[in-house]
Amino acid sequence: MYGERVEGESPGSCCQPAPGGEACTGERPPLPAACPACGGRLKEVAAAHVLHHLRRPREREVAGRYGFCPAAGCPLVYAGADGRRFAVSDLRQPPAYKTGNPADLLCYCFDVDGREVLSPAGDAAVAFISERVRAGDCACDVLNPSAGCCLGSIGTYRKAAGAGPGPSAP
Ligand SMILES: [Zn+2]
């Protein structure tokens with residue numbers, strides 16, 4: 001016969017990820033007030049989200065809360081409340097606006113990269129993404145390193161490249 005389990009002594013037992021992505025509500029060390037690399041605003045994401053996007057072996061270091069830096073060109077992606085930092089090179093698939101490489105992804109749900117949104121097919125790609133988002137078919141909260149909708153970053157990316165809606169220069 002096995003003895004009873006000792007409740008309350010297993011570390012991290014309160015941290016089962018819930019469908020909403022919320023974890024513990026216990027003591028929470030504060031996130032950095034701003035991106036330590038560029039000084040921009042950080043968007044809070046869950047540790048589980050960070051885990052989904054890091055290459056090994058860095059994924060083993062993930063714990064606690066993180067802020068995502070959405071700034072284009074900034075090499076920092078996630079900054080932890082515990083001081084851990086994860087950069088573009090730590091991501092499995094860093095976004096095009098971070099790497100500066102148009103071959104990298106912008107829309108992680110429907111496989112749209114920087115080249116496509118800057119090409120003459122860009123409007124159609126954005127229209128397709130918008131349509132699927134409206135239909136509730138996107139999974140940005142999990143698939144996108146930002147944990148948010150890609151449409152905002154695509155608009156910013158096109159604007160920065162001088163390619164708005166409509167035909168763009170080659
Ligand atoms: Zn930054």
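Analyst: Strand 3, which covers residues 76-80, pairs with strand 4 in the antiparallel sense, and 3 bridges join the two. One of the residues involved is leucine 76, whose bridge partner in strand 4 is alanine 87. The model is a predicted one, and this applies to everything described here.

This pair belongs to an open sheet of 4 strands, arranged in the order 1-2-3-4 with antiparallel pairing. The edges of the sheet are strand 1 (43-45) and strand 4 (85-87), each of which pairs on one side only. From one strand to the next, the twist averages 30°.

The sheet is one part of a chain with 6 helices and 6 strands. Read from the N terminus, the order of the elements is β-α-β-β-β-α-β-β-α-α-α-α. The chain has 170 residues, and 28% of them count as buried. Taking contacts between residues at least 6 apart in sequence, 48% join residues at least 24 apart.

Histidine 53 is part of helix 1, which spans residues 47-53. Histidine 53 has 25 other C-beta atoms within 10 Å and is therefore buried, the cut-off being 20 or more. Setting aside neighbours within four places in sequence, the contacts of histidine 53 are Leu91, Arg92 and Pro145. Histidine 53 can also be compared with aspartate 90: the two are 37 residues apart in sequence, while their C-alpha atoms are 8.4 Å apart in space.

Helix 4 (residues 122-134) and helix 6 (residues 151-160) have axes that come within 11 Å and cross at roughly 165°. Angles over 145 degrees count as roughly antiparallel, so helix 4 and helix 6 are roughly antiparallel to each other. Their crossing is left-handed. On the side of helix 4, the contact is made by Gly122, Val126, Ile129, Ser130 and Val133, and on the side of helix 6 by Leu151, Ile154 and Arg158. Sorted by class, this contact has 5 nonpolar, 2 polar and 1 charged residues.

Most residues other than glycine have a negative phi. Aspartate 111 has a positive phi, near 60°, and is not a glycine. This aspartate 111 sits in the loop between strand 5 (105-107) and strand 6 (112-113). Alanine 147 is another residue other than glycine with a positive phi, in this case about 65°. Alanine 147 lies in the loop between helix 5 (140-143) and helix 6.

Alanine 147 has 20 C-beta neighbours inside 10 Å, and so alanine 147 counts as buried.

Conventions. Residues are numbered from 1 along each chain as its sequence is written. This is a predicted model: local features need pLDDT of at least 70, side-chain atom pairs count only at pLDDT 80 or more; totals for chains, interfaces and linings use all residues. Two strands pair if DSSP finds at least two bridges between them. Axes are lines fitted to C-alpha atoms, for helices over the stretch in contact, and angles run from 0 to 180 degrees between N-to-C directions. Angles under 35 degrees count as roughly parallel, over 145 as roughly antiparallel, 65 to 115 as roughly perpendicular and the rest as oblique. A crossing is left-handed if the near helix is turned anticlockwise from the far one by less than a right angle, and right-handed if clockwise. Two residues are in contact if their C-beta atoms, placed from the backbone, lie within 7 Å. Ala, Val, Leu, Ile, Met, Phe, Trp, Tyr, Cys and Pro count as nonpolar, Asp, Glu, Lys and Arg as charged, and the others, Gly among them, as polar. A residue is buried if 20 or more other C-beta atoms lie within 10 Å of its own, exposed if 12 or fewer, and partly exposed in between; C-beta atoms are placed from the backbone.
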